[in-house]
Number of protein chains: 2
Amino acid sequence: MDGSNIPIARLTLPEAAAERLRTLIIEGALAPGAKLNERELSEQLGVSRTPLREAFRMLAGDGLLVQLPNRGTQVVAMSREDVQHAFEVMGALEAFAGELAVSRVTDGDIADLRALQAEMEAAHSRHDLPAYYQINRVIHDRLNAIAANPVLTHTYRTLNTRLHALRFRSNLNIAKWNQAVAEHRDMIAALAARDGPALRDVLIKHLRAKQQAVLETMNNEKMPGGN
Amino acid sequence: MDGSNIPIARLTLPEAAAERLRTLIIEGALAPGAKLNERELSEQLGVSRTPLREAFRMLAGDGLLVQLPNRGTQVVAMSREDVQHAFEVMGALEAFAGELAVSRVTDGDIADLRALQAEMEAAHSRHDLPAYYQINRVIHDRLNAIAANPVLTHTYRTLNTRLHALRFRSNLNIAKWNQAVAEHRDMIAALAARDGPALRDVLIKHLRAKQQAVLETMNNEKMPGGN
DNA sequence: GTTTGGCATATTGTATACAAAATGCAAGAC
DNA sequence: GTCTTGCATTTTGTATACAATATGCCAAAC
């Protein structure tokens with residue numbers, strides 16, 4: 001016996017509801033700050049309020065929702081400061097992932113990453129933004145996988161999701177895009193050279209650029225001083 | 001008007017239940033791996049199953065409980081690897097907190113920390129372990145406060161709670177205790193000197209020592225290879 | 001005109017009832 | 001004796017009913 005200890009996935013209603021809500025939030029169908037009416041939403045999702053409320057608790061734990069006692073639940077609306085703080089922590093986490101990756105990376109991993117990098121550059125040169133984002137995500141996930149620390153991966157993922165909830169197709173102008181691709185090249189080079197400190201620097205710089213782009217998007221969308 | 005936007009605290013039942021459970025888990029009254037029967041526990045806590053289940057969801061999000069669909073909820077039982085991974089991430093987070101703190105610390109902060117350090121050394125020299133732990137916690141919280149990044153603080157706290165759940169009054173022998181106190185001295189010195197890299201090193205070393213102590217405790221308590 | 005108080009309504013919080021699934025045991029087959 | 005099968009029981013999952021709280025409106029007071 002031993003079916004690999006992985007029972008076939010059967011989502012419970014709260015989990016399914018949470019999954020659905022997560023998507024709605026990230027895609028922006030549920031806007032930041034939006035108040036969620038339990039009865040209404042439960043009817044829309046076709047579940048009763050009980051599992052929906054459990055879904056709320058899960059997403060609140062992930063920082064995607066905010067719950068106020070007796071006043072309901074709303075989609076989190078991150079302030080400029082929140083975004084700054086989150087990106088700072090992301091930077092620290094990814095830098096650490098880089099360090100771990102340096103100590104564990106194999107030549108095979110590097111070959112894989114180089115292949116992905118080539119794909120990314122192809123997407124870049126044909127100006128295919130969606131494909132670029134897609135590969136970008138794969139590369140960062142891959143780095144985390146090489147670091148081989150599930151706690152780190154989970155923490156990173158949770159924070160990243162919260163940031164995605166800003167539906168930040170950030171205004172990535174050509175100059176920034178070029179820079180990002182170049183940083184990715186540096187990243188793989190540092191990893192291939194097993195140069196931890198260099199990788200740290202690249203990753204932190206990379207994250208800071210992303211942060212900058214998102215903050216600029218926020219500035220364009222809402223008035224300064226706003227929430 | 002502005003009552004500082006802080007409404008007077010009125011805990012809802014799920015929150016109160018979660019709080020209580022958290023304490024029970026950390027104090028070890030609910031042992032790692034223990035299965036939690038909903039009906040039984042709800043009767044013991046004097047609430048119905050509905051709010052208790054919401055409490056379960058919250059604590060699962062914090063990583064203190066594990067929920068298996070249709071098989072109930074149990075207290076998390078961290079493996080050796082889990083502990084290693086968690087400590088690694090804690091180290092990265094605390095090192096980053098140190099960096100931030102260096103850039104923001106005031107002379108007043110340092111005076112406060114020196115006072116706390118003196119208290120800690122007093123507790124150390126009269127072999128008062130509980131007092132030592134208490135002050136130790138205050139100091140680390142203080143460092144986080146100086147870093148002034150709420151996202152970082154929250155992430156750190158969550159992880160730290162999970163580790164506390166190991167009920168690790170780790171076997172802190174005299175040599176290790178001496179070393180820990182010395183590291184704290186170095187920590188404050190590096191902070192006072194505004195030396196970020198030095199503080200990083202001290203904090204990571206400090207965390208590694210803690211990790212070591214906890215892992216040794218685990219080795220003594222259970223058989224190797226075990227969960 | 002502004003503020004206060006009270007009521008009607010809407011919404012969240014909690015308990016309970018019912019449904020579905022898992023568990024354990026016992027009887028039968030081999 | 002061991003393995004399977006089916007049933008009774010327990011436990012978790014979900015819906016719904018009821019309670020408590022918040023919200024919004026309107027009237028009355030100043």
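Colleague: What order do the strands of the open sheet in chain A have, and what is the pairing?

Modeller: Strands of a sheet pair through backbone hydrogen bonds, either parallel or antiparallel. Here the open sheet of chain A has 3 strands in the order 1-3-2, with antiparallel pairing. Strand 1 (35-36) and strand 2 (65-68) of chain A stand at the edges with a single partner strand each, so one side of each has no neighbour in the sheet. Strands are DSSP runs of E with at least two residues, helices are runs of H or I with at least four, and both are numbered from the N terminus. Two strands count as paired if DSSP finds at least two bridges between them. This is a predicted model, in which local features need pLDDT of at least 70 and side-chain atom pairs count only at pLDDT 80 or more, while totals for chains, interfaces and linings use all residues. Residues are numbered from 1 along each chain as its sequence is written, and chains are lettered from A and ligands numbered from 1 in the order in which they are written.

Colleague: Which residue is the bridge partner of Lys35(A)?

Modeller: Lys35(A) has Gln74(A) in strand 3 of chain A as its bridge partner. Strand 1 and strand 3 (residues 72-75) of chain A are joined by 2 bridges and run antiparallel.

Colleague: Which strands pair with strand 3 in chain B?

Modeller: Strand 1 (residues 35-36) of chain B pairs with strand 3 in the antiparallel sense over 2 bridges. Strand 2 (residues 65-68) of chain B is joined to strand 3 by 4 bridges, also antiparallel; Gln67(B) has Thr73(B) as its bridge partner. Strands 2 and 3 of chain B form a hairpin with 3 residues between them, and Asn70(B) in the turn has a positive phi of about 65°.

Colleague: What do the buried residues of helix 3 of chain B pack against?

Modeller: They pack against helix 3 of chain A together with helix 1 (13-27), helix 2, strand 2 and strand 3 of chain B. Among them are Leu52(B), Phe56(B) and Leu59(B). Contact here means C-beta atoms, placed from the backbone, within 7 Å. Just after the helix, Gly63(B) takes a positive phi of about 80°.

Colleague: Which residues are closest to DNA strand D?

Modeller: Of the 17 residues that surround DNA strand D, the closest are Leu13(A), Ser48(A), Thr50(A), Asn70(A) and Gly72(B). A residue is near a strand if its C-beta atom, placed from the backbone, lies within 6 Å of it. Helix 3 of chain A gives the most to this surface, with 3 residues.

Technical notes
A residue is buried if 20 or more other C-beta atoms lie within 10 Å of its own, exposed if 12 or fewer, and partly exposed in between; C-beta atoms are placed from the backbone. Two residues are in contact if their C-beta atoms, placed from the backbone, lie within 7 Å.
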